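Start with the structure itself.

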Amino acid sequence: MRKLKILFSVFLLFCLTLNCQNSKNSSKEGQEKKVTEKVSDMKERTSSKFLISAETSDVLYLNDSTPFYLMEKSPLKAFQNYRDIYDSYHEFAIVEMDMILGSFIPPRGNKYYVRWLLLDSTLYLGDIRFFDNVPDSVFPNNKQYRIMEELTQVKFDKELARKYELPDSMQPEEGLMPAVWVSDVFLIKQVRFAKPRQYPEESYESWTKKPCIELVFQKGKLVSMREREDMY
């Protein structure tokens with residue numbers, strides 16, 4: 001009888017654990033569905049070809065200019081598993097973000113985004129930012145940057161950041177990483193000033209009429225830059 005009670009208790013505990021896990025998975029799937037629906041809704045509401053095709057939340061700063069540029073794709077796309085390199089370290093929450101069209105590209109399955117800098121015709125990886133509130137204990141001593149170094153096989157260099165004397169708002173935490181693996185064509189579009197502090201407010205209609213800029217890189221060096229009148 002005692003053995004039966006113990007077995008019954010173990011069975012109940014197993015069922016409870018399984019039910020909690022299923023509920024958790026269902027909740028996560030529901031959140032992912034909501035985010036997917038929001039992205040689809042944004043694409044339906046926009047007339048911008050750039051916003052429809054954009055697949056990354058990464059941003060680019062040209063030299064030391066404060067207005068950043070939205071990017072159509074990430075320079076990290078050269079690495080197959082770049083989207084999930086941090087997944088094994090933290091269970092990221094699905095983040096719902098209400099964004100003003102043209103001010104940012106919402107997450108498209110990625111848990112983080114990167115701030116890139118184009119300085120003296122060289123592309124650098126600067127800061128890594130998470131959408132979710134990740135505790136410092138998850139990545140002690142900025143371990144996320146070491147993980148990125150393992151992915152790209154390139155080191156961050158603090159001396160490079162000091163060399164360029166960047167504004168405080170653009171200072172990278174761990175220095176700059178030369179993006180020597182990048183040999184590709186990228187489209188960028190200047191962010192829309194929807195809630196400006198130092199720039200005149202820009203309407204969405206006006207912003208959509210601004211052409212994109214095409215950048216061509218060879219081993220992290222800019223070799224061509226031109227406006228694309230056929231891409232807005």
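## Terms and confidence

Helices and strands here are DSSP runs, numbered from the N terminus; a strand needs at least two residues of type E. By that assignment, Phe217 falls in strand 7, residues 212-218.

The model is predicted. Mean pLDDT for the protein chain is 81, with 75% of residues at 70 or more. Among the elements, helix 1 (residues 2-45) has the lowest mean pLDDT, 44, while strand 5 has the highest, 98. Over residues 1-44, pLDDT stays under 50. For that stretch the model has 20 contacts beyond four places in sequence.

Is Phe217 buried or exposed? Its relative accessible area is 3%. The cut-off for buried is under 20%, so Phe217 is buried.

Leaving out residues up to four places away in sequence, Phe217 touches Leu118, Leu123, Val182, Ser183, Asp184, Phe186, Leu222 and Val223. Ser121 is 96 residues from Phe217 along the chain, yet their C-alpha atoms are separated by 9.2 Å.

## Helix 3

Helix 3 spans residues 143-152 and is mostly covered. Seven of its 10 residues are buried: Gln144, Tyr145, Ile147, Met148, Glu149, Leu151 and Thr152. Their cover includes strand 3 (112-119), strand 4 (122-130) and strand 5 (177-178). Just after the helix, Gln153 takes a positive phi of about 65°.

## Nonpolar cores

In soluble globular proteins, nonpolar side chains tend to be buried together. Here the largest nonpolar core has 36 residues. Leu76 and Met148 have the most contacts inside it. Strands 1, 2, 3, 4, 6 and 7, along with helix 3, each supply at least two residues of this core.

Beyond four places in sequence, Leu76 touches Tyr82, Tyr112, Val114, Trp116, Leu125, Met148, Leu151, Thr152 and Trp181. A second, separate core has 28 residues, including Leu51, Leu70, Leu160 and Val191.

## Cavities

How many cavities of 30 Å³ or more does the structure hold? There are two.

Tyr61, Arg115, Leu117, Gly126, Asp127, Met170 and Pro172 line it. Strand 3 and strand 4 are the elements that give two or more residues to this lining. By class, the lining of the second largest cavity has four nonpolar, one polar and two charged residues.

Conventions:
Residues are numbered from 1 along each chain as its sequence is written. This is a predicted model: local features need pLDDT of at least 70, side-chain atom pairs count only at pLDDT 80 or more; totals for chains, interfaces and linings use all residues. Side-chain values use heavy atoms; hydrogens and water are left out. Buried means under 20% relative accessible area, exposed over 50%, partly exposed in between (1.4 Å probe, protein chains only). Helices (H or I, at least four residues) and strands (E, at least two) are DSSP runs, numbered from the N terminus. Contact means heavy atoms within 4.5 Å. pLDDT is the predictor's confidence in each residue, from 0 to 100. A nonpolar core is a set of buried Ala, Val, Leu, Ile, Met, Phe, Trp, Tyr and Cys residues joined through side-chain atoms within 4.5 Å. On a 1 Å grid over the protein atoms alone, a cavity is a set of points where a 1.4 Å probe fits but cannot get out, and a pocket is an open set with protein on both sides within 12 Å along at least five of seven lines; lining residues have an atom within 4 Å of a point. Grid points are joined across faces, edges and corners, and a volume is the space filled by probe spheres set on the points. Ala, Val, Leu, Ile, Met, Phe, Trp, Tyr, Cys and Pro count as nonpolar, Asp, Glu, Lys and Arg as charged, and the others, Gly among them, as polar.
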